[in-house]
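Student: I have a sequence and a model open and would like to learn how to read them. Can we start with how helices pack?

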Amino acid sequence: MAVHVNKRLCKGCGLCMTVCPKNVYELSDEVNQKGFAVISAVRASDCIKCKRCEINCPDMALWIEDDETSSKEESAR
Amino acid sequence: MSVSTMPEKGNPLLKYMRQDKLPHFFCPGCGCGQVVSAFLRAVEALKLDLGTMVGIGGVGCTARIPVYLHMDCLHGVHGRTLAWATGIKLHKPDTKVVVFAGDGDAMSIGGNHFIHAARRNLDVTFIVVNNFNFAMTGGQVAPMTPGGAVTMTTPYGSSEPPFDLCAMAVTSGATYVARTLTSNPAQMTSYIKTALDHKGFSVVEILSQCPTHFGRYALGSGSPKNLVTWIKDHTVPLTAADKMKAEELEGKYRTGEFIKTERPVFMGSTVCSAPCAEKEGKA
């Protein structure tokens, strides 16, 4: 899965939900150690890796994995 | 849960942050976090070494930013950030100094330091996060609160006109002045990058959301999304503003680069230029 959410850092502000063009995120019922309801990437397969959520996240809780290297390796084969 | 100082696998910018201090204390949806990541992306793009830089914060929400970064940090004297910066620059002129100040820190308590640092053209990057109120103390009216806005101390709306920080910086003599907003991270990173690279007093004002206080009091909503939209609606790019009438620009913030010039930076030489040079020549 390319979309990673660091649940320890997430505060559930929902800014990622507002910037995501593919509506990947949803606020979950899960609560982290600070008592914040965290975000969850429920439609991670829809992600187009625009990284708007990663750039906009105030808590640096989101991370979109770059699989450029792996895809390059695949194409080389 | 065990506390670990090892970097977590995750956002690549986390390697510049003090892991044991995270999560940071900013409220959910606060713009300060976005300023941190924009600053770190600018640092990464310029390949600067954070370890050789000094970050200064006074008192306030924004002033907490350098505490979370892997850099030398001064924190805690309200409004006197630029006085500290002047001292550091005179002792070690090659050190890169970045000041993070809120609107109260920059314009209210530290207003005098600000105009004089601009006048002297102190070689410091001054990042002002304008969230329109004194957020840390509970959302009181500040010098940058827009006219008519309801805050904790102005329940019937603020009757004072706000400061225009960028116009003031330009007239005071700052050599790089720009205004941007948190919902435009690319522009924010680009302006911070230019400011860090600039020799002289560089000011970047960032319009930021404070959903906890300004959002609740002035807009009646604690949602960061509503406040981000409000800020977006109240900004006009400089190029568009040139074509607009004065009435249309009422209550709007112009964003863009206001000035980018060069002039000699402050080295403390105004005190002893001639005698010192002579002494060095004889030795």
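Tutor: In helix 2 of chain B, the residues B:Leu82, B:Ala83 and B:Thr86 meet B:His113, B:Phe114, B:Ala117 and B:Arg120 of helix 4 of chain B. Contact here means heavy atoms within 4.5 Å. Helices (H or I, at least four residues) and strands (E, at least two) are DSSP runs, numbered from the N terminus. This is a predicted model, in which local features need pLDDT of at least 70 and side-chain atom pairs count only at pLDDT 80 or more, while totals for chains, interfaces and linings use all residues. Residues are numbered from 1 along each chain as its sequence is written, chains are lettered from A and ligands numbered from 1 in the order in which they are written, and side-chain values use heavy atoms, with hydrogens and water left out.

Student: Which residues of helix 2 of chain B are buried?

Tutor: An α-helix has 3.6 residues a turn, so residues three or four places apart point the same way. In helix 2 of chain B, the buried residues are B:Thr81, B:Leu82, B:Ala85, B:Thr86, B:Ile88 and B:Lys89. Buried means under 20% relative accessible area, exposed over 50%, and partly exposed in between (1.4 Å probe, protein chains only). These buried residues pack against strand 1, strand 2, strand 3, helix 3 (103–109), helix 4 and strand 4 of chain B.

Student: What is the strand order of the open sheet in chain B?

Tutor: Two strands pair if DSSP finds at least two bridges between them. The open sheet of eight strands in chain B has the order 2-1-3-4-6-5-8-7, with mixed pairing. Strand 2 (72–75) and strand 7 (235–237) of chain B are at the edges with a single partner strand each, so one side of each has no neighbour in the sheet. The twist averages 20 degrees from one strand to the next.

Student: How do strand 1 and strand 2 of chain B run, and how many bridges join them?

Tutor: They run parallel, and four bridges join strand 1 (residues 54–57) to strand 2 of chain B. B:Gly57 has B:His75 in strand 2 of chain B as its bridge partner. Helix 2 (residues 81–91) of chain B packs on the sheet, its direction making about 155 degrees with that of strand 1 of chain B.

Student: Which residues touch the most other members of the largest nonpolar core?

Tutor: A nonpolar core is a set of buried Ala, Val, Leu, Ile, Met, Phe, Trp, Tyr and Cys residues joined through side-chain atoms within 4.5 Å. In the largest one, of 63 residues, they are A:Tyr25, B:Phe39, B:Leu40 and B:Ile192. Helix 1 (residues 31–46) of chain B gives the largest share, eight residues. Apart from this core lies another of 26 residues, including B:Val54 and B:Phe114.

Student: Is B:Asn133 buried or exposed?

Tutor: B:Asn133 counts as buried, because its relative accessibility is 2%. B:Asn133 lies in the loop between strand 4 and helix 5 of chain B. Beyond its neighbours within four places in sequence, B:Asn133 has contacts including B:Asp103, B:Cys210 and B:His213.

Conventions: Axes are lines fitted to C-alpha atoms, for helices over the stretch in contact, and angles run from 0 to 180 degrees between N-to-C directions.
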